[in-house]
Amino acid sequence: MATYCKTHGAAVLASNINHFLGYFVPRKMCTPSQSEMKRICSALRAVVKYCVRKCLIDQAVAKPLLKRISVSANFRAEKIA
């Protein structure tokens, strides 16, 4: 993810988190399980915090972004295939 931020910019990552979690991960990552989705969300939160520490994302942008990164309670990987 750090390479992604350097290549595309942290602002692009910040504006595409919902698409990443809602479309890319379930469809392109072999329909992850609920526990895998939780790990992915945890990793994304760590990336956002890293970007704040490196001044790639402003704290004002990061705070609501961290709240948006979550796994929907009704996520069912089996129904995506």
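From the N terminus on, the elements of the protein chain follow the order α-α-α-α-α, and the chain accordingly has five helices and zero strands. The model described here is predicted. Of the 81 residues in the protein chain, 27% are buried, while the accessible surface of the chain comes to about 5,400 Å², with 55% of that area belonging to carbon and sulfur atoms. When contacts between residues at least 6 apart in sequence are considered, 63% of them join residues at least 24 apart.

In soluble globular proteins, nonpolar side chains tend to be buried together. In this chain the largest nonpolar core has 16 residues, and those with the most contacts inside it are Ile 17, Leu 21, Leu 44, Ile 57 and Ile 69.

The largest share of the core, seven residues, comes from H4. Leu 44 is found in this helix, H4, and Leu 44 counts as buried because its relative accessibility is 3%, where the cut-off for a buried residue is under 20%. Leu 44 and Ile 17 lie 27 residues apart along the chain, and their C-alpha atoms are separated by 8.4 Å.

### The pairing of H4 with H5

The axes of H4 and H5 come within 10 Å and cross at roughly 170°; angles over 145 degrees count as roughly antiparallel, and the two helices, H4 and H5, are therefore roughly antiparallel to each other. On the H4 side the contact is made by Arg 45, Val 48, Lys 49 and Val 52, and on the H5 side by Gln 59, Ala 62, Leu 65 and Leu 66.

### The loop between H4 and H5

Cys 55 has its place in the loop between H4 and H5. Most residues other than glycine have a negative phi. Cys 55, however, has a positive phi of about 60° although it is not a glycine. With a relative accessibility of 69%, Cys 55 counts as exposed, whereas Leu 44, at 3% relative accessibility, counts as buried.

Technical notes: Residues are numbered from 1 along each chain as its sequence is written. This is a predicted model: local features need pLDDT of at least 70, side-chain atom pairs count only at pLDDT 80 or more; totals for chains, interfaces and linings use all residues. Side-chain values use heavy atoms; hydrogens and water are left out. Helices (H or I, at least four residues) and strands (E, at least two) are DSSP runs, numbered from the N terminus. Buried means under 20% relative accessible area, exposed over 50%, partly exposed in between (1.4 Å probe, protein chains only). Contact means heavy atoms within 4.5 Å. Accessible areas come from the Shrake-Rupley method with a 1.4 Å probe; for residues, only the protein chains shown count as cover. A nonpolar core is a set of buried Ala, Val, Leu, Ile, Met, Phe, Trp, Tyr and Cys residues joined through side-chain atoms within 4.5 Å. Axes are lines fitted to C-alpha atoms, for helices over the stretch in contact, and angles run from 0 to 180 degrees between N-to-C directions. Angles under 35 degrees count as roughly parallel, over 145 as roughly antiparallel, 65 to 115 as roughly perpendicular and the rest as oblique.
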